[in-house]
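Here are my notes on the model, as numbered points. Please read them with the coordinates open.

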Amino acid sequence: MFGELNSLTDFSEKSPPKRKFLLITDCQNDGSFLIHHFLSLYIKGGFKVLFIALVQSFSHYSNVAQKLGINLSSICESGQVTYVDGLSCISEALADESQQDAFKNSQSSTVGNENADSSNPFKNVRAPKFTLQPLYNRIKSSLGTETKPCLLLIDDLTALLSIGVPLQQLTNFIHYCAALMCHSPTVSDGCLVTLVHNDNDVDDEESKLLWKQLCYLTDIEFQVKGLSSGYCKDVHGQLTINIRDQRNIKEGSKVVQYTTHDKNVTCFAPGMSKAVL
């Protein structure tokens with residue numbers, strides 16, 4: 001958890017975001033440090049997390065969590081974090097039939113992995129009528145009735161576009177997830193956090209449309225961008241936080257530049273880095 005980021009949003013371990021949809025978008029930069037921030041925020045607060053990982057392995061998240069003082073393996077074993085290994089699920093679903101048994105055997109020992117069997121929510125991804133309904137059903141059943149703050153964390157949503165999930169189906173899926181976490185009577189203080197890419201140097205119309213449609217649903221958007229002046233070893237990027245009201249009207253925004261470290265993130269006003277001054 002990064003303290004300076006909390007001060008920008010008024011979040012804390014004791015008071016995480018509640019009934020909010022937080023969207024992370026990155027453009028020619030890596031916004032994944034915010035994924036690790038919210039994961040550690042809820043873990044250190046003692047709250048439940050359902051983590052759907054679509055782009056990285058469990059060992060990657062575990063190594064980063066270790067630097068932040070969290071043993072992710074033991075947290076998953078305790079049940080506080082439910083880890084859905086979407087990367088392995090997708091790999092298994094896209095593999096030839098002759099390779100699928102090998103995938104299942106190799107993933108059966110992964111900590112927190114529930115997906116090395118026929119319950120793979122992506123098992124029919126090659127089918128013309130593939131739907132994300134099984135994934136949503138797993139999310140809903142995993143959360144059950146939750147009266148304390150809880151987090152649904154998806155890293156990252158653009159990966160589903162790359163395997164051929166239709167844009168409209170993906171938008172509908174997030175709409176249902178946002179309704180479950182932010183407006184459902186069964187999940188009283190939920191929060192949805194996901195990441196999408198919005199690189200302006202890539203001709204990817206679907207990714208841009210996904211970002212635009214999700215902006216209509218989100219309460220707070222974290223835009224991570226590279227510096228307009230180019231690369232700087234002491235300033236790693238710019239973060240814009242856009243806050244919207246219940247009518248999806250922008251209430252205000254905060255702009256800072258930041259530097260990432262192994263165990264922390266330093267934020268400062270644009271052009272005010274100590275290294276630059």
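1. **The buried arginine.** R244 is buried, with a relative accessible area of 13%. Buried here means under 20% relative accessible area, exposed means over 50%, and partly exposed lies in between (1.4 Å probe, protein chains only). Its partner is E221: the two form a salt bridge, with the closest N and O atoms 3.6 Å apart. The criterion is a side-chain nitrogen of Lys or Arg within 4 Å of a carboxyl oxygen of Asp or Glu. E221 lies in strand 6 (residues 220-225) and R244 in strand 7 (residues 237-244), so the pair ties together parts that are 23 residues apart in sequence. E221 is buried as well, at a relative accessible area of 1%. The structure holds 1 salt bridge. Side chains of opposite charge can pair when their charged atoms come close.

2. **Basis of the values.** This is a predicted model: local features need pLDDT of at least 70, side-chain atom pairs count only at pLDDT 80 or more, and totals for chains, interfaces and linings use all residues. Residues are numbered from 1 along each chain as its sequence is written, and side-chain values use heavy atoms, with hydrogens and water left out.

3. **Overall make-up.** The chain has 10 helices and 9 strands. These are DSSP runs numbered from the N terminus: helices are H or I with at least four residues, strands E with at least two. Of the 277 residues, 49% count as buried. Take the contacts with a separation of 6 or more: residues 24 or more positions apart account for 70% of them. A contact means heavy atoms within 4.5 Å. The accessible surface comes to about 13,100 Å², and 48% of it belongs to carbon and sulfur atoms. Areas come from the Shrake-Rupley method with a 1.4 Å probe; for residues, only the protein chains shown count as cover.

4. **Strand 5 and its partners.** Strand 5 (residues 190-197) is mostly covered, with 7 of its 8 residues buried. Strand 1 (residues 20-27) pairs with strand 5 in the parallel sense over 7 bridges. There, T25 stands opposite V196. Strand 4 (residues 150-155) also pairs with strand 5 in the parallel sense, over 5 bridges. In that pairing I154 faces T194. Two strands pair if DSSP finds at least two bridges between them.

5. **Aromatic pairs.** The count comes to 9 aromatic pairs. Rings of Phe, Tyr and Trp (its six-membered ring) pair if their centres lie within 6.5 Å; planes under 30 degrees apart count as stacked, over 60 as edge-to-face and the rest as tilted. Y42 and F47 form an edge-to-face pair, 6.3 Å centre to centre with 70° between the planes. Y42 is buried at 0% relative accessible area; F47 is buried at 13%. The rings of F58 and Y83 have their centres 4.9 Å apart and their planes at 80°, so this pair is edge-to-face. F58 lies in helix 3 (residues 58-67) and Y83 in strand 3 (residues 81-85), so the pair ties together parts that are 25 residues apart in sequence. Both F58 and Y83 are buried. F51, F58, Y61 and Y83 form one aromatic cluster.

6. **Helix 7.** Which residues of helix 7 are buried? In this helix (residues 133-143), they are L135, Y136, R138, I139 and L143. They cover an arc of only 155° around the axis, which puts them on the same side of helix 7. The arc is that of the directions from the helix axis to the C-beta atoms. Their cover includes strand 2 (48-53), strand 3, strand 4 and helix 9 (167-183). G144 follows helix 7 and has a positive phi, near 60°.

7. **Backbone points to check.** Most residues other than glycine have a negative phi, and most peptide bonds are trans. The peptide bond from D155 to D156 is cis, with omega near -20°. D156 is found in the loop between strand 4 and helix 8. D10 is not a glycine, yet has a positive phi of about 65°. D10 sits in the loop between helix 1 (3-9) and strand 1, and is exposed at 64% relative accessibility. Q28, also not a glycine, has a positive phi of about 55°. Q28 is in the loop between strand 1 and helix 2 (32-45), and is partly exposed at 47%.

8. **T158.** This residue lies in helix 8 (residues 158-162). T158 is buried, with a relative accessible area of 11%. Leaving aside neighbours within four places in sequence, T158 is in contact with L195, V196, H197 and S207.
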